[in-house]
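Please look at the sequence and the structure before reading on.

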Amino acid sequence: MLEIKPFCGLRFDPAVTGCLDAVITPPYDVITPEERDRLAAGSPWNMTHVILPKAGPEGGSPYDSAARTLAKWKSDNGLRRDDTPSYYLLRQTFTDLDGQTQVRRAFFAAVKLPEAGERHILGHERTFDKPVEDRLLLTRATRTSLGAVFVLYSDPEARLAAFLRQMDARPADLTAITFEGVRQELWRVAEDPAVAPFFPGHTLYIADGHHRFRTACTYRDEMRAREGADGGLKPYDYALMGFVAFEDPGLQVYAAHRVVKECAMDHEQVMAALAPWFDAAPAEGDLAARVKDAPDDGVFGLVTRDHGQWLLTFKGPDRAALLGDDRAKAWRDLDVALLHRGIFERILGQPEGAEYGYEKFASGAMAAVREGGAPMAFLLKATRADQIRACAEAGEPMPQKSTYFFPKLCTGAVMYPLD
């Protein structure tokens with residue numbers, strides 16, 4: 001059964017740290033090394049010092065350095081623990097890919113991690129051992145859930161609307177603009193009797209943070225093995241999660257357009273190989289818009305170095321003829337699956353696991369071809385939220401980088417102590 005609860009969060013005090021623009025960040029895995037160094041240099045309180053730590057002059061590992069930094073922040077009173085359990089509301093204001101202002105509402109809570117066999121928290125991505133080991137070492141050192149798992153839930157009747165409307169009643173307790181231009185506003189609110197009873201019987205779908213979720217489960221199992229199961233539930237039996245409703249109008253899922261770095265076929269061979277499966281038409285003008293606005297799925301934009309741009313439309317309707325029937329229909333219905341297994345592997349003969357470039361902006365994918373020397377790029381529609389849900393329920397991991405949720409949940413607005 002799904003259980004969520006308020007918690008005593010760790011939060012920065014801007015009276016000590018200064019402007020929180022220089023403190024709060026996006027999650028660790030979307031920060032480049034160059035951005036990490038710039039952010040870390042901007043403030044001794046910046047979250048990169050603990051989420052992307054480097055070994056300090058005191059010696060030891062980077063994780064030891066993160067633990068020392070976190071302890072110092074607490075001793076210097078820049079980071080304080082709230083004295084009563086609370087929920088934390090988050091409002092994110094941002095500009096979307098079309099230049100429109102969007103607002104997304106979320107809240108943070110502690111969520112009991114599932115036991116073996118429970119399926120009320122579902123993911124759609126494969127996880128890998130190396131990033132889990134990295135986050136596990138950091139969790140062991142800091143004994144803190146530093147960044148939230150981003151989860152989606154369904155509330156078609158808006159039963160939690162009044163809870164979320166508390167954001168409209170008073171100014172935020174915390175405000176920061178993170179470096180990607182997102183305005184982050186956080187409210188600490190009292191336990192609401194409508195919230196926890198809403199979730200039993202519901203399912204949470206991981207949007208972002210699959211490695212953080214697996215890390216939390218692994219850490220929980222380690223601590224249980226070390227301390228035993230007596231004495232009831234402990235803080236490490238829960239994880240910090242940030243909740244966004246599927247129905248929220250600010251929920252944005254972007255495509256990750258693909259740049260093909262190498263291809264053994266020339267243009268004529270590529271088009272001949274595509275012909276049995278796709279209608280191909282030369283496409284002038286805004287190719288990205290034509291793909292996005294196409295009424296059906298299975299439409300791609302092909303950008304070539306020397307032969308212009310093309311609109312590809314799958315002839316269908318039976319995708320199994322190209323993709324096979326070893327995966328569930330929910331997976332075959334993904335355009336990104338049609339692109340990877342269908343076009344890349346089975347039509348173009350690319351090896352499984354070949355490396356591609358990924359671009360949030362179609363202009364970046366086009367520039368990689370026209371200016372960067374890549375032979376071709378494919379533009380595709382964004383994966384829809386209902387497709388993410390269907391794959392999670394079918395237990396079908398999506399191809400790599402099938403989704404790009406923007407914005408990510410910020411890191412450092414509130415943290416969850418595990419001790």
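The model is predicted: local features need pLDDT of at least 70, side-chain atom pairs count only at pLDDT 80 or more, and totals for chains, interfaces and linings use all residues. Residues are numbered from 1 along each chain as its sequence is written, and side-chain values use heavy atoms, with hydrogens and water left out.

Reader: Which element gives the most to the lining of the largest pocket?

Author: A pocket is an open set of points on a 1 Å grid over the protein atoms alone, where a 1.4 Å probe fits, with protein on both sides within 12 Å along at least five of seven lines; lining residues have an atom within 4 Å of a point. The largest pocket holds about 1300 Å³ of space, a volume being the space filled by probe spheres set on points joined across faces, edges and corners. Its lining receives two or more residues each from β11 (204-208), α7 (210-227), α12 (335-347) and β18 (356-359), where helices (H or I, at least four residues) and strands (E, at least two) are DSSP runs numbered from the N terminus. The element that gives the most, with four residues, is α12.

Reader: Which element supplies the largest share of the lining of the second largest pocket?

Author: The second largest pocket holds about 790 Å³ of space. Among the 32 residues that line this pocket, the closest to its centre are Leu97, Ala255, Lys292, Leu380 and Ala382. At least two lining residues come from each of β13 (253-254), α9, α12, α13 (362-370) and α14 (385-394). The largest share, five residues, comes from α9.

Reader: Why is α12 described as largely enclosed by the rest of the structure?

Author: Buried means under 20% relative accessible area, with a 1.4 Å probe and protein chains only. Among the buried residues of α12 are Asp335, His340, Arg341 and Phe344. The helix is largely enclosed because the number of its 13 residues that are buried is 11.

Reader: Which residue of β11 stands opposite valine 151?

Author: Two strands pair if DSSP finds at least two bridges between them. Strand β6 (residues 121-122) pairs with β11 in the parallel sense over two bridges, whereas β8 (residues 149-153) runs antiparallel to β11 and is joined to it by three bridges. Opposite valine 151, the residue in β11 is isoleucine 206.

Note on methods: Buried means under 20% relative accessible area, exposed over 50%, partly exposed in between (1.4 Å probe, protein chains only).
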